[in-house]
Amino acid sequence: MAEIAPAVTLLAPLFLAVALDLAVAEPPRRIHPVALFGRIVGPFDREWDRPGLVGVAVAVALPLAAAAVAGGGVWLAAENGPRVDGVPVLAVAVAAAVLFSAASLRMLLDVTRDVVDESEADPEAARESVRALVGRDTGDLSPADLRSAAVESAAENLADGFVAPLLWFALGATGGVALGAVAGGAPTAELAETALTAGVAAAAWAKAVNTLDSMLGYRSKPVGRASARLDDAVMFLPARAAAACLAVAARSPESLRRARPLAREPASPNSGWPMATAAVALGVRLEKPGAYALDGGAAPPTPAAARDAVRLVRAAGGVAVAAAAGWLLALAGVIAWS
């Protein structure tokens, strides 16, 4: 059982978080950690005499605070909670709750599906629903434009809202094992707990950076410039990983190569990757008028193509979970035999 405990410690939070997302989509807003973090960020969203300096302080301090709270909670649960066959069950539960709060896919797919259905039956309702996905003015969007906006957002938010927390959880856990190995002499159980704590802290940090960017990272808000630049760095790997997941889910590795030149069309250095890969894989044109056009095909998505996009993003999410689980299982093997 000593060899199995590290795998359970690292994999159980991932699978529990995914199961919770499938079952209930999101925690209640009044207790949602991301919503609570947003309330902390809110007072900083105003004019400042030195917005650059304040922005750097916010971008550094608030995500680190989120990481400390999340990682500290897991560590305290591991130190003081019960164990079953070497598995710190309370720490696993706390880690699962953090990952569930940070990684979200079902709600994204539900809203996207609603917009697609309403674009046919009730475009005005679709214009209202799509506001949950995009920040652009939706008043003049045609049904085809609405479907395009929904598909773009589904692909982009696959990276931001799902792949990024999972990837940073895996990276953080790997860093925790590396630090434990450098320190030397740590028992197997302690090394697994260090990996779990570091993974959760990294996932919370990445989610906090992304939340800061979504709230402050606009050209009209100088205080958010540092947050936007940090988010660009944090999302570099997840955006490309999400594009790879979409290509694998579509069974079309070629789509990733064809998407590469299109990925440079949006101003963001990252969002173009999953959007362009989805456009190519689906054979559709995704366009934000006046900003970019991703010519994966000649025409915008039909209702059928947009529904295919929902299925594609859901399948890509499954690929991301499988990849994260495989990495964590390998990491658990390193821990068990170290």
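R307 is partly exposed in this predicted model, with a relative accessible area of 29%. The side chain of R307 meets that of D117 in a salt bridge, at 3.2 Å from N to O. R307 belongs to helix α13 (residues 303–336) and D117 to helix α5 (residues 106–121), so this pair ties together parts that are 190 residues apart in sequence. D117 also counts as partly exposed, at 34% relative accessibility.

Another salt bridge joins the side chains of D45 and K221, at 3.0 Å from N to O. Here D45 sits in the loop between α2 (33–41) and α3, and K221 in the loop between α8 and α9 (225–234), so the pair ties together parts that are 176 residues apart in sequence. D45 is partly exposed at 35% relative accessibility, and K221 is partly exposed at 22%.

A salt bridge can also lie within one helix. E254 and R257 are both in helix α11 (residues 253–262), three residues apart, or about one turn of the helix. Their closest N and O atoms are 2.2 Å apart. E254 is partly exposed at 39%, while R257 counts as exposed at 54%. R106, D110 and R113 are linked in a network of salt bridges. The count of salt bridges comes to 13.

Next come the helices α3 and α8. Helix α3 (residues 51–80) packs against helix α8 (residues 188–216) at an angle of about 150°, with the axes 8 Å apart. That angle makes α3 roughly antiparallel to α8. The crossing is right-handed.

Helix α3 also contains L64, which is partly exposed at 48%. L64 forms a nonpolar surface patch with V56 and V60, with about 250 Å² of accessible area together.

Key. Residues numbered from 1 in each chain as written. Predicted model: local features only at pLDDT ≥ 70, side-chain atom pairs only at ≥ 80, totals over all residues. Heavy atoms only, no water. Patch = residues over 30% accessible without salt bridge, like charges linked within 9 Å, V, L, I, M, F, W, Y side chains within 5 Å. Areas by Shrake-Rupley, 256 points an atom, 1.4 Å probe, with all protein chains shown as cover. Salt bridge = Lys/Arg side-chain N within 4 Å of Asp/Glu carboxyl O. Helix = DSSP H or I, 4+ residues; strand = E, 2+ residues; numbered from the N terminus. Buried < 20%, exposed > 50% of the residue type's maximum accessible area, 1.4 Å probe, protein only. Axes fitted to C-alpha atoms, helices over the stretch in contact; angles between N-to-C directions. Parallel < 35°, antiparallel > 145°, perpendicular 65-115°, else oblique. Left-handed = near helix turned anticlockwise from the far one by under 90°.
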